[in-house]
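Please keep the sequence and the structure in view as you read.

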Amino acid sequence: MKLADIEKVGVVGGGTMGFGIAINFALNGYPTVISDLSNEILQQSMKKLKSAMALFVEEDLITQKQADDTVSRITTTTDVAEVAANSDFITEAVVERLKDKQELFNKLDKLCPPHTIIVSNTSGLVLSDIGADVSRQDKIGLTHYFAPPHIVPGVEVAKGPHTSDETYNIIYDLMKKVKKVPIRVLKELPGYLLNRIQGAMSREANRLWAEGVATAEEIELGVKSTFGFRMPHEGPMGHYDLCGVWKWPADVRSPRRARPASEPLDEVTEKIRARMAEGKPWFVDPQQFDAAIEKRDREYIRRLKILYSSKEK
Ligand SMILES: NC(=O)c1ccc[n+]([C@@H]2O[C@H](COP(=O)([O-])OP(=O)(O)OC[C@H]3O[C@@H](n4cnc5c(N)ncnc54)[C@H](O)[C@@H]3O)[C@@H](O)[C@H]2O)c1
């Protein structure tokens, strides 16, 4: 099977995520069928979908013709067998309940032709549980979008324990073809990669709020105006490079430890320590450090003008 063999796609669950996932496929030329539990829900999905397209046109992201073509490529059904019969690639975006996802995967597995790839958009469950009983173990995978999925570019792409490389590469390439930014996740674990990073921040924010360190409003303002401001340019690894920590003396460079000094270091912490001890950046060429800083600052200044200065004028 090749990417070109995927001609039609299906999305099961037309809620907050499903309708936006369908937009990505349809906007990029794929006939797309959405299914949900009732026609009333599907009417709501189409309403949201059309509003999203109108906004894209209003904001000059696409033309009216592209919007009309996108909508015309989308059909809806309450019959999951219709999705199975009309899709080479199916994204499951139903309620985050293991039993429901397992039932759906099993049903699709029986109804779909052998070549069909089935992926889940679960936020926190793992594919080895969701797809435990399907026979096509090599043809299941995970695409984890971020809301709103028709706007946010990044999508995590992960394997189940038996997903074939062929399937994985098709999923990855398909995400590129529909102009998303696929992120390879190399191991299966609850929350996969990015929800774990995001979750770590949320847990700490909630804790600090509960401890009375700051109000919810100030936490929100603080995050958005500091490292949130920087984030479109640098993530945690890039930040390590650009803030110059790798140049610090070795004794102050080691990662801060969450555990008491008396506790032995675990294997993972040892690995991080060893990497930090190398005293080298992740991405930036040390010879080009000043140029990288100038590039960063130019981008920040441009964003500063958009986000802050223009509002005050
Ligand atoms: N909301 C987010 O920000 C977000 C982000 C990433 C991933 N996800 C994941 O995406 C999935 C869907 O989340 P959501 O926020 O769109 O939920 P939602 O409740 O908005 O939508 C789920 C839809 O699935 C339908 N549904 C339930 N069981 C079904 C079935 N058996 N067949 C067909 N349709 C069925 C429901 O009627 C509903 O319309 C979940 O697994 C969630 O964890 C959500």
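Which residues have the most contacts inside the largest nonpolar core? They are V12, A22, A26, I34, L108, I118 and I171, and the core has 49 residues. This is a predicted model, in which local features need pLDDT of at least 70 and side-chain atom pairs count only at pLDDT 80 or more, while totals for chains, interfaces and linings use all residues. Residues are numbered from 1 along each chain as its sequence is written.

**The chain and its core**

- The chain has 14 helices and eight strands; helices (H or I, at least four residues) and strands (E, at least two) are DSSP runs, numbered from the N terminus.
- Taken along the principal axes, the C-alpha atoms of the chain fill a box of roughly 65 × 55 × 45 Å.
- Of the 313 residues of the chain, 28% count as buried; a residue is buried if 20 or more other C-beta atoms lie within 10 Å of its own, exposed if 12 or fewer, and partly exposed in between, with C-beta atoms placed from the backbone.
- A nonpolar core is a set of buried Ala, Val, Leu, Ile, Met, Phe, Trp, Tyr and Cys residues joined through C-beta atoms within 7 Å.
- The largest such core has 49 residues, and helix 1 (residues 18-27) gives the most to this core, with seven residues.
- Among the contacts in the chain with a separation of 6 or more, 66% are accounted for by residues 24 or more positions apart; two residues are in contact if their C-beta atoms, placed from the backbone, lie within 7 Å.

- Eight strands form an open sheet in the order 3-2-1-4-5-6-7-8, and the pairing is mixed; two strands pair if DSSP finds at least two bridges between them.
- The edge strands are strand 3 (74-77) and strand 8 (181-185), each of which pairs on one side only.
- Neighbouring strands of this sheet are turned by 25 degrees against each other on average, direction ignored; axes are lines fitted to C-alpha atoms, for helices over the stretch in contact, and angles run from 0 to 180 degrees between N-to-C directions.
- Helix 5 lies across strand 1, strand 4 (89-92) and strand 5 (117-120), and runs at about 165 degrees to strand 4.

**Strand 1 and V12**

- Strand 1 (residues 9-12) and strand 2 (residues 32-35) run parallel and are joined by four bridges, with G10 opposite V33 and V12 opposite S35.
- In a regular strand the side chains alternate between the two faces of the sheet.
- In strand 1, V9 and V11 point one way and G10 and V12 the other way, and all are buried.
- Not counting residues up to four places away in sequence, V12 touches S35, V80, V83, I90, E92, A93, V94 and L104.

**The shell around the ligand**

- The ligand is surrounded by 23 residues, of which the closest are G13, G15, M17, S123 and A147; a residue is near a molecule or strand if its C-beta atom, placed from the backbone, lies within 6 Å of it.
- Helix 5 (98-111) and strand 6 (140-145) are the elements that give two or more residues to this shell.
- By class, the shell has ten nonpolar, ten polar and three charged residues; Ala, Val, Leu, Ile, Met, Phe, Trp, Tyr, Cys and Pro count as nonpolar, Asp, Glu, Lys and Arg as charged, and the others, Gly among them, as polar.
- A147 is joined to P148 by a cis peptide bond, with omega about -10 degrees, and P148 has its place in the loop between strand 6 and strand 7.

**E156 and Y192**

- E156 is found in strand 7 (residues 154-159), and E156 counts as buried because 20 C-beta neighbours lie inside 10 Å.
- Leaving aside neighbours within four places in sequence, E156 is in contact with H144, I183, V185, Y192, L193 and L194.
- The C-alpha atoms of E156 and L194 are separated by 7.8 Å, although these residues are 38 residues apart along the chain.
- Y192 has its place in the loop between strand 8 and helix 8 (194-210), and its phi is near 45 degrees, a positive value in a residue other than glycine.
- Y192 is buried, with 23 other C-beta atoms within 10 Å.

**Exposed parts**

- K179 lies in the loop between helix 7 (165-177) and strand 8, and its phi is near 65 degrees, a positive value in a residue other than glycine.
- K179 is exposed, because it has 10 other C-beta atoms within 10 Å.
- Helix 13 (residues 267-277) lies largely in the open, because of its eleven residues the number buried is zero.
- Helix 13 is followed by G279, whose phi is positive, near 60 degrees.
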